[in-house]
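These are my notebook entries on one structure. I list what I looked up, in the order I looked it up.

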Amino acid sequence: MEKPIYKYSEEFAREMDQKDPLKSFRDRFLFPQVNGKQAIYFCGNSLGLQPKSVQTYIQKELDNWANLAVDGHFHGEDAWYHIRKKSKPALAEIVGAHEHEVVAMNNLSSNLHFLMVSFYQPTKERFKIITEAGAFPSDMYMLETQVKFHGLDPDEAIIEIHPRHGEHTLRTEDIIKTIQENKGQLALVMMAGLQYYTGQVFDMKAIAKAGHEAGAKVGFDLAHAAGNAPLKLHDWGVDFATWCSYKYMNSGPGNISGVFVHERHAERPELPRFAGWWGHDEAERFKMEKGFKPMFGADGWQLANSNVLALAAHQASLDIFEEAGFSNLREKSMLLTGYLEFLIEAISGESGVLEIITPKNADERGCQLSLLVHKGGKAVFDALYEESIVGDWRHPNVIRVAPTPLYNSYLDVYQFARILEQSLQKFA
Ligand SMILES: *Cc1c(COP(=O)(O)O)cnc(C)c1O
């Protein structure tokens with residue numbers, strides 16, 4: 001669809017909803033009640049809504065467990081022994097990979113540690129890690145403790161890239177320059193794909209290229225990117241990546257993560273790893289013998305047998321993604337977030353009370369917009385919640401709102417804007 005001329009009117013929002021080819025997907029999700037009303041839910045960046053189908057998917061596995069017990073491991077098409085394979089086609093499409101490059105397992109923070117065991121191998125000369133300043137706390141702790149695990153000093157080994165003075169987001173040229181400046185000493189570039197605070201999508205293709213030219217490995221944390229921004233991990237040549245499934249992938253609180261390992265590492269048994277039996281050659285797994293032989297591709301990084309109930313909830317959501325089609329979702333997402341941006345700018349006007357720190361260029365962002373609230377702060381946010389709007393507040397003065405293309409409507413965005421305007425009149 002061509003970008004329409006946006007209007008700040010309920011009629012316009014309703015028209016857009018009418019024309020929306022994905023409008024029926026909203027009915028597939030369960031919306032919470034806030035203050036006695038169905039929420040306007042803009043928090044899919046933190047926890048995506050529950051697909052109604054999740055119950056059926058989980059119930060099926062509960063029934064298999066009840067009826068088959070241990071035989072469920074090898075019974076039928078969805079035998080638990082192979083159940084991980086089911087999510088591969090959808091995941092491969094979402095992150096831009098071959099099926100053998102992805103697998104769903106563990107949690108994000110665990111996976112990033114396991115991947116760094118393989119891909120952060122510091123030497124005396126080459127030991128530095130480049131990351132973005134203000135990374136998500138778990139990522140900061142992971143880098144800090146990985147570096148210490150190798151007996152190194154985080155202050156020396158970790159290089160954080162900051163925005164320029166007076167700017168909120170990073171310039172690709174500055175990221176590339178930092179990589180080049182550390183060429184001889186750089187072991188790893190490990191950044192977010194989409195920065196959780198600002199909503200900026202980094203130029204992963206350019207970063208991967210520069211990182212490799214500098215002789216480093218390149219990995220991304222895609223917690224906020226997977227299921228949200230377009231990804232081409234294979235083509236970009238990224239070495240590894242991991243993500244969670246409970247944000248834009250709507251798979252339930254704390255649910256399973258996924259990993260990507262580039263094909264070029266698919267058959268490298270010499271890579272260091274912390275192995276478990278589920279990463280061992282499937283054909284020989286039950287010989288129960290010594291000598292770890294990794295499976296081909298990302299599967300060779302698995303440790304433990306599949307979390308079947310977690311995968312069931314994940315699959316309910318992945319099937320919806322496949323049905324909707326990622327490129328259709330992205331198209332709507334750009335229009336929806338574009339509308340949100342238009343309305344915020346209309347409300348803020350000359351006053352400058354709201355400042356969007358997320359990049360203006362739609363290619364450099366996903367659903368989320370981060371708003372600096374220059375006056376009224378938390379009172380404005382609390383007033384939104386009073387009116388059943390669920391977004392999130394980040395200290396000291398940022399509101400993040402993320403309309404998602406699967407279950408948010410243009411009317412949601414319009415109503416948000418109306419209520420925001422009223423709150424600002426009261427508190428700013
Ligand atoms: C949400 C998020 C996490 C959360 O990690 P878990 O292991 O799933 O708790 C980590 N990193 C980033 C960048 C995130 O956005």
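Leaving aside neighbours within four places in sequence, which residues is glutamine 302 in contact with? I found Arg84, Val103, Met105, Gly276, Trp278, Gly279 and Met295, where contact means heavy atoms within 4.5 Å.

Basis of the entries. I am working with a predicted model, in which local features need pLDDT of at least 70 and side-chain atom pairs count only at pLDDT 80 or more, while totals for chains, interfaces and linings use all residues. Residues are numbered from 1 along each chain as its sequence is written, and side-chain values use heavy atoms, with hydrogens and water left out.

Entry: glutamine 302. I placed glutamine 302 in the loop between β12 (257-261) and α10 (308-324); helices (H or I, at least four residues) and strands (E, at least two) are DSSP runs, numbered from the N terminus. Glutamine 302 counts as buried because its relative accessibility is 2%. For this I used buried as under 20% relative accessible area, exposed as over 50% and partly exposed as in between, with a 1.4 Å probe and protein chains only.

Entry: methionine 288. I found methionine 288 in the loop between β12 and α10 as well. Methionine 288 has a relative accessible area of 59%, so it is exposed. Its phi is positive, at about 55°, although methionine 288 is not a glycine.

Entry: asparagine 250. I noted another positive phi, near 50°, at asparagine 250, a residue other than glycine. Asparagine 250 sits in the loop between β11 (240-244) and β12. With 3% relative accessibility, asparagine 250 counts as buried.

Entry: proline 396. I recorded a cis peptide bond between histidine 395 and proline 396, with omega at about 0°. Proline 396 is in the loop between β16 (392-394) and β17 (398-401). Why write these backbone angles down? Because most residues other than glycine have a negative phi, and most peptide bonds are trans.

Entry: serine 257. I looked next at strand β12, where serine 257 is found. Serine 257 is at 1% relative accessibility and therefore counts as buried. Its side chain makes a polar contact of 3.1 Å with the side chain of threonine 242. A polar contact is a pair of N or O atoms within 3.5 Å; within protein, one must be able to donate a hydrogen and the other to accept it, and residues adjacent in sequence count only if both atoms are side-chain atoms. Beyond four places in sequence, I listed contacts of serine 257 that include Val103, Met105, Leu108, Thr242 and Cys244.

Entry: glycine 219. I found glycine 219 in strand β10 (residues 217-221). Glycine 219 is buried because its relative accessible area is 0%. Outside four places in sequence, glycine 219 is in contact with Leu188, Val189, Met190, Met191, Val238 and Phe240. I also checked glycine 219 against asparagine 67: the two are 152 residues apart along the chain, and their C-alpha atoms are separated by 42 Å.

Entry: the ligand. Which residues surround the ligand? I listed Leu108, Ser109, Phe136, Asp139, Asp221, Ala223, His224, Tyr246 and Lys247, counting a residue if one of its heavy atoms lies within 4 Å of the ligand. By class, I have 4 nonpolar, 2 polar and 3 charged residues in this shell. Ala, Val, Leu, Ile, Met, Phe, Trp, Tyr, Cys and Pro count as nonpolar, Asp, Glu, Lys and Arg as charged, and the others, Gly among them, as polar. A side-chain N or O atom of aspartate 221 is 3.0 Å from a ligand nitrogen. For histidine 224, a side-chain N or O atom is 3.1 Å from a ligand oxygen. For tyrosine 246, a polar side-chain atom lies 2.5 Å from an oxygen atom of the ligand. Taken alone the ligand exposes 390 Å², of which the protein buries 84%; such areas come from the Shrake-Rupley method with a 1.4 Å probe.

Entry: domains. I have domain 1 as 10-49 + 327-427 and domain 2 as 78-322, with bounds from an automatic or database domain assignment. Their C-alpha centres lie 29 Å apart. Across the two, 32 residues of domain 1 are in contact with 20 residues of domain 2.

Entry: glutamate 421. Glutamate 421 has a relative accessible area of 25%, so it is partly exposed. Leaving out neighbours within four places in sequence, glutamate 421 is in contact with Tyr8 and Ile347.
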